[in-house]
Amino acid sequence: VREVSETGLDALLATGLLRQEAGLLRFEQGALEDTARALAEALPEVAEIHGRLADAWRRLGERTGADVDMPLGQHRLNSGQSAASVGPLLRALRTLLDQGRFALANRAADLAITAADLAATPDNPLLARRMEARRLKGLALLELDDPEGAAGIAEEAGHLGWGERLTRTRLTVLRARAYVQLDRADQARALFSTAHASFWAMRDKDGLAEVALQRADQARGDNRIYAAEEGYDEVLRSRPLEDPHVAQALSAMVTIRLSQGRPEDAWPYVTQLAEAAALTGDTRTSARANFAAGSVRLAQGRHDEAERLFLTAQANAATSGDLRMQVNAVNYLGEVARHRGDTPTARSHYTRYVRLAKAARWPLAEAVGQVNLALIELSAEAWSRADMHAARAGKSMARQPKSWIWVYVAIVRAACAAAQDDEARARQWWDLSLARGLKTLRSGDLWGPVQVLARQAAAHGWGELETAAWEQLAMIRRA
């Protein structure tokens, strides 16, 4: 702003309506900003002003190395330079996706789509960029729990024209991921197979790794653990350690081993994650490595070390702008507190985690937080409150009825029903927990609800259910 009009900036600051804060201008009140923006946009020379601001942002980026893609793209678009705005807006969009800032990414995608559409001409239709902008918007919509919107934008992109084979195949992967969330598993698998064949024909190793990873994620989400392991192993065998897909696969394998009650077998994957972080220097991978290490240490009962690692992961994530990792660290700090027996601190962390997840529109994360709150109430024998939190978890995941989280929702609700002497409901929820894969898991978090179910079934004389619960309890490693 100073480059546009230093005198004007000084005059504005002198009014007291704005303040300087960390190199940015802040209006003292939001209503003032809205009014000022409306007045500025109504000026006849507004396009010229946007152009001068775009030049100022560009020079700032060149001088400092700061990421200025978003304001640069916005001002270029608003100044009528649509073709010049597409590149910065697409880069900004990818950065926001990497950082987990999906609502902002969705808005950036709309700007990128507008810019690419305006820049297209009959001689140069810019199909690749127009389709890519829509694909990236679809990725944001998936993370915002809008699979219908993601599938729709993928279809819209396909209708723009034939485009490049690589772009079309990536759109196929997007549609498949949307169908996974829409519980259209067979169609998703068919689309993944189509994408795999296309990437194979193009010898696109990155695309093949993406398909393998997404297939594995689908299998893990449905609690088909062995199929998930095969998919992640394929990624680990086929890609070098510095590949981002490898970091995701390693993190997933840590989670799987922990769910099987095998923290020692999870540690080699943690070691590889740390090696990948050292090799790439990527702060996001460092956050993953510290988070995974903390998860293993927590499972081993080394609470102080786990807490330190989660705080380090949270700091890494703040540095890289990875919102999802920062939020997940809140949940796991709650886990540390719960396992220490510090219920008030655990409840505070979990409540904050649920609030953040709900604001970010992450239904699975919200459900995890509600299940953790349910486990606290279950341990206090507050059956109604435990059931309430489990019901809320189920409500947030109603669109994904085969997710692994339903094992925990169902077993908690079965325990609560048994404690309230409701045999029919207890059996119904117990059967659902089995259908969703209870017998494949060894997580210590299952110990509490299964033990409650076994004891309550014994007290009520429900012999068959009691026997089944005690048998399941014997399979679980107590945390």
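**Figure 1. Ser-320 in helix α16.** Let's start with Ser-320, a residue of helix α16, which covers residues 303-320. The model shown here, and in the views that follow, is predicted. Ser-320 counts as buried because its relative accessibility is 12%, and buried means under 20%. If you set aside neighbours within four places in sequence, the contacts of Ser-320 are Gln-99, Thr-283 and Arg-284.

**Figure 2. The aromatic pair of Trp-404 and Tyr-408.** Searching the whole structure turns up five aromatic pairs. In the pair of Trp-404 and Tyr-408, the ring centres are 6.0 Å apart and the planes meet at 90°, so this pair is edge-to-face.

**Figure 3. An aromatic cluster of Phe-291, Phe-310 and Tyr-332.** Here you can find three residues, Phe-291, Phe-310 and Tyr-332, that together make up one aromatic cluster.

**Figure 4. Arg-168 over Trp-162.** This view turns to an arginine and a ring. Arg-168 is placed over the face of Trp-162. The distance from Arg-168 to the ring centre of Trp-162 is 3.8 Å.

**Figure 5. Arg-184 over Tyr-179.** Here is another arginine to look at. Arg-184 has its charged end over the ring of Tyr-179. From that charged end to the centre of the Tyr-179 ring, the distance is 4.0 Å.

Note on methods: Residues numbered from 1 in each chain as written. Predicted model: local features only at pLDDT ≥ 70, side-chain atom pairs only at ≥ 80, totals over all residues. Heavy atoms only, no water. Helix = DSSP H or I, 4+ residues; strand = E, 2+ residues; numbered from the N terminus. Buried < 20%, exposed > 50% of the residue type's maximum accessible area, 1.4 Å probe, protein only. Contact = heavy atoms within 4.5 Å. Phe/Tyr/Trp six-rings, centres within 6.5 Å; stacked < 30°, edge-to-face > 60°. Lys NZ or Arg CZ within 6 Å of the ring centre and 35° of its normal.
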